[in-house]
Amino acid sequence: MSLLALRAVSVGYGTRTVLSDIDLLLEPQTVLCLLGANGCGKTTLLKTILGLIPASYGEIRIEGRPQADWSRTALARRIGYVPQAHHGVFPFTVEQVVLMGRTAHLPWHATPRTADIDIARHSLELLGIDHLHHRNYMHLSGGERQLVMIARALAQEPALLVMDEPTSSLDFGNQIRVLEHIDQLRAQGLSILLTTHQPEQAARLADRLVLLHQGHILAQGMPGDVLTPAHLARIYGLTEHTVTAHLPHLFPSAPADVRHREAP
Ligand SMILES: Nc1ncnc2c1ncn2[C@@H]1O[C@H](COP(=O)(O)OP(=O)(O)OP(=O)(O)O)[C@@H](O)[C@H]1O
């Protein structure tokens, strides 16, 4: 059974459709990556999957059950969410913010148990930021906040982690650490749905890729099949030559004719 299944889903705001005909499956222990230009609808799709925005059409199933049958708490036990670079107002310590990840596992209004505090501390340690646990979240840098949001989602102990550009504010070292954590989490059995603006990151991480373009899925499949100069040129409005010239690790031996063809 797929962890997540979308069939003919349309998403948008009011009468404006942002994406339509979205079919996708996410299997257990899989990393699925959404790639597409700014404003193509990646975040909107993630929020629709999380139940924060209603789908305007189609069917979303989580672990085989229609999304509408899931209570918010039950969903929060199964899906952790790392929003895009976080600027929210959390006048709490880092440890308190990470403990919020345990809320769905606690009875209504219960205070966290020692086990919950241990799980929160462990999440901070995993990301190498346990030294921040007493700091005020509001006083952290953008990258530190992003790591705290990842720790909070890990403290949820979800089956599916939804991450919106998880490395966007991180320095080189922390980007690599987060990518390695994603590999480890998959090895431990988690599934991960993430967005990125970096094709090389998608190629390194993803088991499956979905390319979004002009309101639809342009292509989906294994990175080796989907990440072509022609597809990248199309979604980013570049020539294939520019794409291959800027991604030498992805396209080390692009044929000469590709280097001069224009994007369709
Ligand atoms: N709350 C909202 N109300 C109306 N329109 C919105 C809202 N949020 C986003 N949009 C619009 O929906 C479209 C898709 O936005 P979305 O944030 O999903 O794109 P994205 O692919 O995640 O972009 P980026 O890569 O820049 O983060 C954009 O045109 C955006 O302006």
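This is a predicted model: local features need pLDDT of at least 70, side-chain atom pairs count only at pLDDT 80 or more; totals for chains, interfaces and linings use all residues.
Residue numbers run from 1 along each chain as its sequence is written.

Where they meet, 11 residues of domain 1 and 9 residues of domain 2 take part in the contact, with a contact meaning C-beta atoms, placed from the backbone, within 7 Å. On the domain 1 side, helix H7 (199–205) and strands E9 (208–213) and E10 (216–221) each bring at least two residues. H7 gives the most, with 3 residues. Helices (H or I, at least four residues) and strands (E, at least two) are DSSP runs numbered from the N terminus. By type, this side of domain 1 has 8 nonpolar residues, 2 polar and 1 charged. Here Ala, Val, Leu, Ile, Met, Phe, Trp, Tyr, Cys and Pro count as nonpolar, Asp, Glu, Lys and Arg as charged, and the others, Gly among them, as polar.

Now the ligand. Around it you'll find Tyr 13, Val 18, Gly 36, Asn 38, Gly 39, Cys 40, Gly 41, Lys 42, Thr 43 and Thr 44, each with its C-beta atom, placed from the backbone, within 6 Å. Helix H1 (residues 42–49) supplies the largest share of this shell, 3 residues. The shell divides into 3 nonpolar, 6 polar and 1 charged.

As for the scores, the model has ipTM 0.98 and pTM 0.91.

Definitions and conventions:
Two residues are in contact if their C-beta atoms, placed from the backbone, lie within 7 Å.
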